[in-house]
Amino acid sequence: AASSLFATVAVVFSTLWIGGRSNLSVGGAITWVPWALWSMNHWLTRADIRSACIFGLAMSLMILAGYPHIVHGTVIYLVIYLLTCLGFRSKRKLWLASAQNRLWTGAIAVVLCAGLSAVQWIPLLELVAESHRSTGVGLAKFGQIPLEYWLRGLFYSFDDAQSGASPVDVIAPAYFPIMGSLLVCIVASTIVFAGRRAEPIAHLVAAVFLVMLGCGDTTPVFNFIYDMHLIPGLHNFRIMFPYLFIGSVGIAVLAAISLDSLCAKWSGERLAGAGHSLRQMALALIWAGLWLALIHHLHTDAVSSIQYLVAGLWVFGTAAAIYFYKGQFIAVLALLLICIEVLCLRMDMFRFGDSTLLSKPQSVIQLEQGTSFQEFKVVDTTLAKVYSMLSPKHRNVERGLKRMLGSMSPSSNALWGISNIDGNTALPLKRWALAKPVIDAE
């Protein structure tokens, strides 16, 4: 229970997931990612009608949330997980023995998912032809982002709102938010001590792959996959970092599996089965050395000492628990420390504004003075709407909100019952893409 709670807190209070809640479509879709992973594993374990229905229901609810990028990433994760598991003889033998049952229950899951989510994807198939992305879209370039920035986002939470917590800040100063926890990443990395079981290794491969995709053109592996069109649908998205939402769930799952493994291996109940082999000691020393080198390389003065403190307390506490064969306390200690870290560093990220910020702007009041204002169709040619990508504590948030409302940017125009011929941020219709050069020339 403690390991599961640890993974839950790690995901929900990761810096990327906190930021994702500002987008209703993203926030709704990522909610179902853990359920989708769990339901697939539940179906693989049982392969009956009930588990297939649960799997199909979870996937359909993710589709209904309305953010295809998250669905695409989740499917990639599930496929990689399955393919990795098939690399183990024990899994192949088990699944082939019940292949017929798995095929028809899997078909039930697919049909149920397609039927329940049809209200979303059938209109989408019709409307996608109206999008300027219908034949694919180029990869958005934010400049050459070093791999160190992504790794810092995995390990650290930065309290400074000016430290580059979003694409609006060109991601230049320090990091891109992902997990934001050194503790979680260290716990997840102890999966190397969990043995060669299929499930942990499959989650490890899938999580690393999704994180690699999320980091975009930072790595040559991604560039090869992208240039060779090896993943269907990848070229329909202009940004890659949404894959990090799924990768972060995989990291949290690895952390939970690692905690369960450590607790089981080093508890008093299995004292006779645990041994201090030279191989384990050597692996532990290599693991510790690599982490020290990585931390030394990525450290900046903006990193809070609290993150090093909680990570160090868990490492030394776990070492003590292993020495005294009290492994049952390892997960509890991790849960306590992640809660302390969240309370100290990431609760302040939630900032609520006064309702007066949504007061009707002067531009709308002037437009409403006309008797036929509802016949108007407005368009915002400014970049006012990108304020929403700022850190919640950025000094320009309130000013940016007022400017966006005054510009009647999509979808704020809906607050006043005024029509807008543009789409929200990167989602214009093809007709607007055709009309924009003409309007810009006026």
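**Legends to the close-up views**

**View 1. Contacts across the chain in the predicted model.** Counting contacts in the protein chain between residues at least 6 apart in sequence, 76% join residues at least 24 apart. The secondary structure of this chain comes to 20 helices and 2 strands.

**View 2. Surface and interior of the protein chain.** The chain has 442 residues, and buried residues make up 45% of them. Its accessible surface comes to about 22,800 Å². Carbon and sulfur atoms account for 66% of that surface.

**View 3. Helix H1 and the helices it packs against.** Helix H1 covers residues 2-12. Its buried residues are Ala2, Ser3, Phe6, Ala7, Val9, Ala10 and Val11. Which helices do the buried residues of H1 pack against? They pack against helix H2 (15-20), helix H11 (182-189), helix H14 (243-265) and helix H17 (330-345).

**View 4. Thr318 in helix H16.** Thr318 has its place in helix H16, which runs over residues 305-323. Is Thr318 buried or exposed? The relative accessible area of Thr318 is 6%, and buried means under 20%, so Thr318 counts as buried.

**View 5. The surroundings of Thr318.** Leaving aside neighbours within four places in sequence, Thr318 is in contact with Leu262, Ile330 and Leu333. Phe329 lies 11 residues from Thr318 along the chain. The C-alpha atoms of Thr318 and Phe329 are separated by 8.2 Å.

Technical notes. Residues numbered from 1 in each chain as written. Predicted model: local features only at pLDDT ≥ 70, side-chain atom pairs only at ≥ 80, totals over all residues. Heavy atoms only, no water. Helix = DSSP H or I, 4+ residues; strand = E, 2+ residues; numbered from the N terminus. Buried < 20%, exposed > 50% of the residue type's maximum accessible area, 1.4 Å probe, protein only. Contact = heavy atoms within 4.5 Å. Areas by Shrake-Rupley, 256 points an atom, 1.4 Å probe, with all protein chains shown as cover.
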